[in-house]
Amino acid sequence: MSRKAMEAKKPVEHTAPTSSRLDKYLKISRIIKRRSVANDACSTGHVTVNGKEGKPGTDVRVGDILGIRFGEKYSEYEVLSIAEHAAKQDAASMYRAKA
């Protein structure tokens, strides 16, 4: 049996990701609507992860605190879950806004 055939018979394990890129997380969770805008916000120092400046490729994990500054408005979010994809109605359950 060929290697390709053997690999095709292996069961596929789907595990939830444990981390995600910061710009991708902001887009999937719909905190920021477009990934290009999320990338720009991260690159220009408008986003922090646990109090440190977050670059677009920074790993985000469950429990992290994200701070986002747009103009005069500053918001903090706690990461509750990581996902590769999220439906619009499920996106808000990925984070909790901090007061």
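Mentor: Start with a definition: a salt bridge is a side-chain nitrogen of Lys or Arg within 4 Å of a carboxyl oxygen of Asp or Glu. This is a predicted model, in which local features need pLDDT of at least 70, side-chain atom pairs count only at pLDDT 80 or more, and totals for chains, interfaces and linings use all residues. Residues are numbered from 1 along each chain as its sequence is written, and side-chain values use heavy atoms, leaving out hydrogens and water.

Trainee: How many salt bridges does the structure hold?

Mentor: Six. In one of them, the side chains of E53 and K55 meet at 3.0 Å, N to O. D59 pairs with R61, where the closest N and O atoms are 4.0 Å apart. Shared partners also join R21, D23 and R35 into one salt-bridge network.

Trainee: Which parts does the pair K24 and E84 tie together?

Mentor: First, how elements are named: helices (H or I, at least four residues) and strands (E, at least two) are DSSP runs, numbered from the N terminus. K24 and E84 form a salt bridge at 3.0 Å, N to O. K24 sits in helix α2 (residues 22–28) and E84 in the loop between β6 (73–79) and α4 (88–91), so the bridge links parts 60 residues apart in sequence.

Trainee: What makes up the largest nonpolar core?

Mentor: A nonpolar core is a set of buried Ala, Val, Leu, Ile, Met, Phe, Trp, Tyr and Cys residues joined through side-chain atoms within 4.5 Å. The largest here has 20 residues, and L22, Y25 and V60 are among those with the most contacts inside it. Elements giving two or more residues to this core are α2, α3 (35–43), β2 (47–49), β5 (65–70) and β6. α2 gives the most, with four residues.

Trainee: Which residues of α3 are buried?

Mentor: First the general idea. An α-helix has 3.6 residues a turn, so residues three or four places apart point the same way. In α3, the buried residues are A38, A41 and C42. They lie on the same side of α3, because they cover an arc of only 95 degrees around the axis. That arc is taken from the directions from the helix axis to the C-beta atoms.

Trainee: What do the buried residues of α3 pack against?

Mentor: They pack against α2, β2 and β5. Just after α3, G45 takes a positive phi of about 85 degrees.

Terms used. Buried means under 20% relative accessible area, exposed over 50%, partly exposed in between (1.4 Å probe, protein chains only). Contact means heavy atoms within 4.5 Å.
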